[in-house]
Structures are given as C-alpha cells and as structure tokens.
Amino acid sequence: MKYLTEFRDGPAARSLAADIRRSVTRPWVLMEVCGGQTHSIIRNGIDQLLPPELELVHGPGCPVCVTPLELIDKALAIAARPGVIFCSFGDMVRVPGSEKDLFRVKSEGGDVRIVYSPLDALRLARQFPDREVVFFGIGFETTAPANAMALHLARREGLRNFSMLVSHVLVPPALEAILSSPTRRVQGFLAAGHVCSVMGYWQYPPIARQWSVPIVVTGFEPLDLLEGIRRAVRQLEAGRAEVENAYPRAVTEEGNRPAQALLAEVFEATDRAWRGIGVIPKSGWRLTEAYRPFDAEARFDVGAIRTVEPARCRAGEVLQGTLKPHQCEAFGKECTPRTPLGATMVSSEGACAAYYHYRPLPGAAGGGTDG
Amino acid sequence: MCLGVPGKVIEIYGESDGVRMGKVDFDGIRKDVCLAYLPDLAVGDYTIVHVGFAITKLDEASALESLRMFRELGLLDEELGQVDPAEQSPPACPIPGWQAPPSTA
Amino acid sequence: MADLESWTCPLPLRDYPTIVLGHGGGGRLSAELVEHVFLPAFGNPALDALGDASVLPPAAGRLAFTTDSYVVRPLFFPGGSIGELAVNGSVNDLAMRGAVPRYLSAGFILEEGLPLDALGRVVTRMAAAARAAGVQIVTGDTKVVERGHGDQCYINTAGIGFIPDGVEIGPDRARPGDLVLVSGTIGDHGMAIMSVREGLAFESPIVSDCQPLHGLVAAMLDAAPPGAIRALRDPTRGGLAAALHEIGGRSRVGVMVEEPRIPVTGPVQAACEMLGLDPLHVANEGKLVAIVDPACADRVLAAMRSHPAGRDARLIGAMTADHPGLLMARTGIGATRVIAPSLGEQLPRIC
C-alpha cells in the first residue's frame, strides 16, 4: 500500500463514474471547496467522466487566491527592505500586488527566498542573526499548524529576528458565507480533506442541518474525488443533508488534537478580508497577545498602502462559484498566467489557472464543469 | 490548498531544534519531517506530510476498506452489464496498441 | 577514465588559490591559467596552436552550428556538473539536427573568488565529457568579473558538426499520424538539481541524466529510411511539454500523448508530488523526443532500445490533424486534457 497509485486506478474510476451516472436523475450543483481538489479534477479530467446533469463549481479554498491585495502589497514593501530576508512558499511569488509581485521585488534587489517549510525560514533566522527573517504565513487550517510551530519555537528560543506576515483563513466561515449568498447555487459540498485531517469535521453537522446541504469530506486523488461526488449525489437524490467522511484513511471526526491545541495558543479568530470576496466575519486567524511580538505587520511600518485591483478581474465571482473562469471576458485574453489580472490566474490551484493550464479539449463532449 | 503527500516514517530522531523530527520516505526520496503533532506515530507508519509536517496518520484498514468498496462497485458494473458511455466512445486515440492503463489496485 | 575529483592545483597557480581579476586580464596570470588548467585538460593540435582563431580541416556534408550558455547552480550536482552540461548541451543541440558533432568552443566567465580547484574540477569533467562525446574543444576564452557580478562560473559553448547527406530533421517536419517516441525516463535532471537547492533539499537517489545523444541519433538514423525521422528535440528547460509544444506549433499539427505511457522513475514522480510539480515540465539533459513515420516506428524504437542512451525508450503518443498547435494528454483515468506551455520557472507549491 502506497496510498497513492491505488487511488488513481483507471477502471475503478470508471466504475465510480458509472455509479454516479446511474444515480443522477436531475441537475445538481456541487462545490469542491479546496483548490487542490480543483487542480486534481481538471488535471485528471475527472469532470469529463461525470454526467451532464452534474455541475462542479470551484470553491475559494486557495489561500494564494484569497490573500487580500493589501497584505500582498505589505509583503512586497517588507521584502524590498534592506536587511530583510523574505521567505515564502513558491505559490506566492508570482501573485500580483497592486504594481508588482515578489519576483519583481527580487529582481530589484530584495532578498526573497522560496522555502518548503516555515521551519526552513526559522533555520535562516538562526543562521543570520543580524538579518530580519520574515515568513509569509499564508494558508488554511492545514498549513496553520506548521506556521504555529515555527512561531512557538521562535518564541521559546527568543529568536528576535524572526517574524511572520500572517494571513490565515478558515474554511467553515467561508462555507457559511457562500451558503448565505443571495446568488447561491451550490447544493452540496466536497469538504477539503486535509483541512479536516487537522480540524476534524465535528464543526460541519450544524452547517449541513441549518442549510440543508450534504457535506462530504473528500480527498484529492481521482478515486477519492469520485467517491466524494458519488456520496454527495446519493444524498441529494435521497433528499438527505448529512456529513459523511469519504476520506477515512486520513481524517477522523475529532482531527489532530495536538495541532489544534497549539493553534489555540498561537492564533485567535479575527474578521478577515478575502480577496475578491470581501470581509467575512471571524474567518481568519491572527496572532494571540503572547505572539504579537512576532507580527511582521507590527514590526515593519510600511506606511499607508493604497491598493488598486484591476476593474476587469471577476475573481470574486469565480471564487464564490457564480462564474466559470472561461465565462470571464478577460480569460485567456488580457488575463493569462503570464499577465494575470487576479490571483486565481496565478496559483496552480487557482480555478482560472487550472482552467488555463488543463482546460478540457475545445468542444469536448461531457464535462459537468461546463454545465 | 494543502498539497499533502503520503510517506512512510523510516526514522524518528527525537528532539532536533527542540522538536520531534523524523525521516519520511516518499517512494525513494527522503525528507526530514516534523512529527510533533503525531506523538504516537511510529517507524513504519504512513503519514500525510504538508509543508514539512506530518498532519495525520494514514489508517490502512480504512484505505483497504475504501479500495474493497471500489472493487465491489466494479463487480456491480459487470453484473448490471451496463455499458459505460465513456468506454463505448472513448475520445479518438491515434496511438496503435493503446490500452487503458492497467489496474494497480 | 580521468580521475575527476583528484585534480590538484599545479604550481605556480598555488600562489592564488582563488580566481582573481588578473586571471582574465590577458597578462601572465591569464597565460598561466591557460597553460596549467585549460591546455592540459583540453589539449589538441588546433587548441595547442593558441592562435586568435582555430584553423580546422574541411569535412563532407552541411555544417551545423549552435551555441548555448550554462549558468546552472550549484556547479556540482548529483550525476554531473556545469562542465558535462556545457559539453553535452551543445553536442545534443547538434545531434537534434542529425549532425555529427566535431568541435566546440568554450568561453568561461569566472567570478572573482572562485576557488581554483573548483575551476579545475569543472575543466577536468568538461574534458572527460568531450572525450566521451568524441568532440574537440578547439578555441576558448576566459573573462573574470568582480565578486558579486557573477555566480562563480558561467560557461558558453558553441558547437560545429556535419550533417550527412540525406539527413533532413527539423521541428517543422512532423505530420499527422507520425508517432512520438521518448528515449527514456523524464524529469531526472531537473529533480536532481532541485534535490540540492537551498531551502528545498531532500535526500534522493535521483541523478542527472546528462549524456551525449549523437550516438543514439546515429543508431536511429541507421534503422530508418531517409526522411522517416521527422523531428528530434532534447527536452531541456520546459521539459517534454515545451519540446512537444514547439514541434506541434512549428509543424502545425496537434500532439496527443498517453500520460500513463510516459516513463518517470518512482523517485522523480515522488519528488514532483512533494513539490507540486509536473514531470512533463521538468528539465532533462540526456533524453530526446523523436517524431517518426509510423511505418518505421517499430524499427526505430528497437534501435533506440538497443543503444545504452535509449534503453528505456517508449512510444508515448502521436501527431494529430485535429487541434493543430495544441498538446493534449489522455490521463490515467481515460479523460483528455490540454497541457499549456509552462511559464518558465518551475516553482514548488504547497497548494
């Protein structure tokens, strides 16, 4: 068991798809919450196996896409400072701010480094005690424990030259924001598997009940995604709205308790602006009192930031599932991965970029995605 | 979000830089991974790794159960004799001798 | 086989254990560098004459001429160094037009402070690669830039080869129905470099596939009638996807590949999973992709497999009349997707 190739099996995928086709009697709209799921659906062509009645819309679970422009501009300003080593996941370096991106800052002399883990940034802080090492702490609940550990260790070691620009966002408030939208089309959710590995899924039953939506915890491989879709469709067809776990090998109801404990020590809930969507109450994390000395926003006064979002970008509607990337007039024309108007065209899991890179064949049959 | 990759724990160092670390093997490549959030994780266990952190222990029984269920669906397919539209008219493939990839389950 | 790691600095270079500006100044230090480092490694009659230009005998066939610059970091990586890359890169560019590579130039841009022994090891490896590929380094140049104005060592090589009569290979010659062969596993070089990148490093058995390909090309040409091998590309930066995009675009045909048929080693696949990269976009330095007349594909494939550089060769796809210029892939679950060209740099992602 490698826990990978087994879940990419072609014949099993086709059996699952056949079962979905047998179950569907009328049109349904499902949202995969996580950008990693979007990436996998488009990359593998899972949508092409689905019956035309079934429409998948792509959710806001892409931290790169929803990090507010103001914070990107702050990151650019901090990264440009002499003496700063600015560390980021590779995902963030091409995300456009108002005027430029981190790559441009690097080309202009900023010390921008791509790291694999926040612990790599911490190592740099130990290695260069006379430099300020700033880590761009983005992500959902999956990434937060890693960032929390980096902060925890920095505090314990008294590493004074380490700080974090925090932009953590949370899944459940985003689901509720999507559900309460007057233009809501989503009838069921594929919940983000790795977020649930950390947080569990005990938070979801009240949401499923209140809004009458099935929520199926779903993984990322083709068979996982098809199984999540199959279970959501079965619920919808039977008129049920329950929470199910279709990713039991990696998710338990309670989640990872030690991770949750450190998260509670390092972070507290705060209102957070989502790029393209707006402020969602209690939808993000900021540092608690004890960790505020490590807040890069407080440590570096970058002055007033005036953000300019391209008027033609409709990423907000894409992130809320009311617009398909290719329905945007700018898609593939003035907005491409080379000249992105919005972050959804940059991140490899951004819905626009996923469509651009892995779009289905022109005129191909099937594909619930186009429904 | 959240690229998580399954790997096998092959070594546990105990504390390094003040935190429980170990080595995880991903089909031949090896990476130091923080194990602090899975205190019960043992050598030989499989885990999902995200940005250098083991976030969950993979449960083999659940994985096997899922795969068993998928196989049963396949058998059901055959029993129903239902023709899969995707199989019936696959997109034209000009490569001679092409067959669907073999099952790895 | 030359002993690559035991290069020791001959007197009088020991006075300067690192490169100084004077090594590029044209004076005594420059002359010593040539005399004690370059000539002993590369020595051949054309170079030994030390003229302003090398004088070479004429040869039969059309001339193929190419140049490329090498700026890889780190200088030494699993399976190779900038030295082998600089030789094999230009050798392979020539081979992709069906040329027999003969002569190389070597231009060095050295950063002040580069340890002389690092230069010595690069040069030794370069010389060994040239010998293995059967090419001579017949002219060269060295410049030194101030510290901070370069990254240790850059190398430019230009190559000259001769194309035998009857050989016509070019990226614009593919036709619908032609088959796509790849000479072995993909992504090895790019992931070998990634494995030693600061901040991303991981332990791996992955080594660069850096090797010369003209011998393989000769074996393929022998196995097929003239014109049956339409196009060849070595999928370096941008990977297999970029190579196929170029051929599809230049020939105005579509390209369809079967993803499960594309050979990728377990460790390269795993490293790509971990960093969120697609092996189709990862660089290779010792592989080729061939577009071949379907009537001869079996013979060409057999010839590739019996050559050491093509042992793992496979048929992976075909040219189509539909969707000219597009690269399409059938995925492991039997769906079809379009693969867009990558932007350039492969960035590891967490999402």
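**R252(C) is partly exposed, with 13 other C-beta atoms within 10 Å.** (Counting other C-beta atoms within 10 Å of a residue's own, with C-beta placed from the backbone, 20 or more makes it buried, 12 or fewer exposed, and anything in between partly exposed.) What you see here is a predicted model, where local features need pLDDT of at least 70 and side-chain atom pairs count only at pLDDT 80 or more, while totals for chains, interfaces and linings use all residues. Residues are numbered from 1 along each chain as its sequence is written, with chains lettered from A and ligands numbered from 1 in the order in which they are written. R252(C) sits in the loop between α7 (239–251) and β9 (254–258) of chain C. (Helices, H or I with at least four residues, and strands, E with at least two, are DSSP runs numbered from the N terminus.) Its phi is near 55 degrees, which is positive even though R252(C) isn't a glycine.

**K282(A) has a positive phi, near 50 degrees, in a residue other than glycine.** This lysine belongs to strand β11 (residues 278–287) of chain A. K282(A) counts as partly exposed, with 14 other C-beta atoms within 10 Å.

**The peptide bond leading from R73(C) into P74(C) is cis.** Check omega: it comes out near -5 degrees. P74(C) is in the loop that links β1 (62–70) and β2 (76–77) of chain C.

**G238(C) is a buried glycine in the loop between β8 (229–233) and α7 of chain C.** It has 21 C-beta neighbours inside 10 Å. Skip its neighbours within four places in sequence, and G238(C) is in contact with H281(C) and S342(C). (Contact: C-beta atoms, placed from the backbone, within 7 Å.) L179(C) is 59 residues away from G238(C) in sequence and 21 Å away in space, C-alpha to C-alpha.

**Zoom in on the largest nonpolar core, which has 271 residues.** (Such a core is a set of buried Ala, Val, Leu, Ile, Met, Phe, Trp, Tyr and Cys residues joined through C-beta atoms within 7 Å.) A191(A), L181(C), A271(C) and V300(C) touch the most other members. Helix α4 (residues 116–133) of chain C gives this core its largest share, nine residues. Beyond its neighbours within four places in sequence, A191(A) has contacts that include V33(A), Y204(A) and V217(A).

**Helix α12 (residues 257–266) of chain A buries A259(A), L263(A) and V266(A).** Looking down the α12(A) axis, these buried residues fall within an arc of 70 degrees, so they line one face of the helix. (The arc is that of the directions from the helix axis to the C-beta atoms.) R257(A) and A264(A) are the exposed residues on the face turned away from the buried side. The buried residues pack against α7 (144–157), α9 (193–199), β10 (267–274) and β11 of chain A, plus β5 (53–57) of chain B.

**Strand β10 (residues 289–292) of chain C is covered on both faces.** V289(C) and I291(C) are buried on one side, A290(C) and V292(C) on the other. Strand β7 (residues 179–182) of chain C runs antiparallel to β10(C), joined by four bridges, and L181(C) stands opposite A290(C). (Two strands pair if DSSP finds at least two bridges between them.) β8(C) also runs antiparallel to β10(C) with four bridges, and there I229(C) stands opposite V292(C).

**Four strands of chain C make an open sheet in the order β1-β6-β4-β5, with mixed pairing.** β1 and β5 (136–145) are at the edges with a single partner strand each, so one side of each has no neighbour in the sheet. On average, neighbouring strands are turned by 15 degrees against each other, direction ignored. (Axes are lines fitted to C-alpha atoms, for helices over the stretch in contact, and angles run from 0 to 180 degrees between N-to-C directions.) Strand β4 (residues 100–111) of chain C runs parallel to β5(C), with nine bridges joining them; one pair is S105(C) and T139(C). Helix α3 (residues 82–95) of chain C packs on the sheet, touching β1, β4 and β6 (153–163), and its direction makes about 30 degrees with that of β6(C).

**Here chain B meets chain A, 41 residues of chain B being in contact with 49 of chain A.** On the chain B side, β4 (46–50), β5, α1 (60–80) and α2 (85–88) each give two or more residues. α1(B) supplies the largest share, nine residues.

Technical notes. Contact = placed C-beta atoms within 7 Å.
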